[in-house]
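Thanks, everyone, for making the time this morning.

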Amino acid sequence: MAAAYFSFIALCILPPIFLLIFLKLIIRPRPVRIPITSRHVFITGGSRGIGFALARQAAAEGARVTILARNLEQLEEAKTSIRLSTGVDVAIVSADVRDFDAVKLAVESADPIHVLICNQGVFASGELVNLEIKEVKRMIDVNLIGSFNLVKAALPGMKNRSDRRPVSIAFMSSQAGQVCTRDLRLHN
Ligand SMILES: NC(=O)c1ccc[n+]([C@@H]2O[C@H](COP(=O)([O-])OP(=O)(O)OC[C@H]3O[C@@H](n4cnc5c(N)ncnc54)[C@H](OP(=O)(O)O)[C@@H]3O)[C@@H](O)[C@H]2O)c1
């Protein structure tokens with residue numbers, strides 16, 4: 001009886017385990033860890049919040065870091081704070097991501113980029129019916145068009161690197177999108 005019981009349990013448990021192992025072996029792309037030491041990490045919205053924390057962490061791990069935001073005074077404060085906590089000087093650049101020409105100039109004035117982190121973002125909370133359309137447009141302009149501007153400006157330099165080292169682009173997102181989608185489904 002016990003043998004039958006254990007056989008039944010094994011039959012239930014082993015196939016999913018083998019399936020997971022099989023999937024782990026075949027799934028591509030595999031996650032890879034690329035050290036950022038001495039690589040150039042360009043972080044937008046790096047003057048405060050999450051972008052600032054990322055910049056400080058990257059600097060502490062030995063990366064060369066540039067932070068971009070609009071407010072120059074806040075960028076200077078972030079630079080000083082990172083220097084005090086890590087001993088590393090980050091580069092700062094002031095630009096509005098909605099302005100492609102300004103973004104292009106900022107990217108071109110910086111060192112060649114290995115890692116671009118599009119972290120800038122604004123969020124107007126509330127239900128769409130209660131939001132002013134200009135608030136919606138501002139979110140789209142800063143979060144979406146701003147990221148397109150950044151990638152369009154940075155990609156040529158990232159693709160044509162002579163050192164052939166891997167480059168990457170990351171986008172900061174939010175669960176707010178999922179919440180909105182869920183709410184819309186609930187209301188339909
Ligand atoms: N905090 C959260 O709980 C949370 C949750 C989910 C997702 N996120 C996402 O995570 C990212 C960072 O969030 P956070 O809370 O750390 O943001 P934050 O503290 O409000 O900082 C936003 C950063 O973006 C910059 N920025 C805003 N508009 C810009 C523009 N037009 N051009 C260039 N830079 C601009 C700001 O500097 P200036 O104002 O000087 O330009 C600042 O450095 C955002 O994309 C946000 O949507 C945050």
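Let me start with a question: which residue's side chain meets that of glutamate 135 in a salt bridge? The partner is arginine 138, and the N to O distance in this pair is 3.6 Å. Please keep in mind that what you see is a predicted model. Both glutamate 135 and arginine 138 belong to helix H5, which spans residues 133–159, and they sit 3 residues apart, about one turn of the helix. Glutamate 135 is partly exposed, because its relative accessible area is 24%, which falls between the limits of 20% and 50%, and arginine 138 is also partly exposed, at 31%.

In general, side chains of opposite charge can pair when their charged atoms come close. The structure holds 7 salt bridges, and I will go through some others.

In helix H4, lysine 104 and glutamate 108 lie 4 residues apart, again about one turn of the helix, and their side chains meet in a salt bridge of 3.1 Å, N to O. Lysine 104 is partly exposed, with a relative accessible area of 34%, whereas glutamate 108, at 53%, is exposed.

What about aspartate 111, and which residue does it pair with? Aspartate 111 forms a salt bridge with arginine 64, with the closest N and O atoms 2.9 Å apart. Aspartate 111 is in the loop between helix H4 and strand S4, while arginine 64 is in strand S2, so this pair ties together parts that are 47 residues apart in sequence. There is also a network of salt bridges that links Lys79, Arg83 and Asp89.

Finally, is serine 47 buried or exposed? Serine 47 counts as buried, because its relative accessibility is 9%, and the cut-off is under 20%. Serine 47 is placed in the loop between strand S1 and helix H2, and the residues it touches include Phe52, Ala69 and Leu75. From serine 47 to leucine 72 there are 25 residues in sequence, yet their C-alpha atoms are 8.8 Å apart in space.

Conventions: Residues numbered from 1 in each chain as written. Predicted model: local features only at pLDDT ≥ 70, side-chain atom pairs only at ≥ 80, totals over all residues. Heavy atoms only, no water. Helix = DSSP H or I, 4+ residues; strand = E, 2+ residues; numbered from the N terminus. Buried < 20%, exposed > 50% of the residue type's maximum accessible area, 1.4 Å probe, protein only. Contact = heavy atoms within 4.5 Å. Salt bridge = Lys/Arg side-chain N within 4 Å of Asp/Glu carboxyl O. Lists of a residue's contacts leave out its neighbours within four places in sequence.
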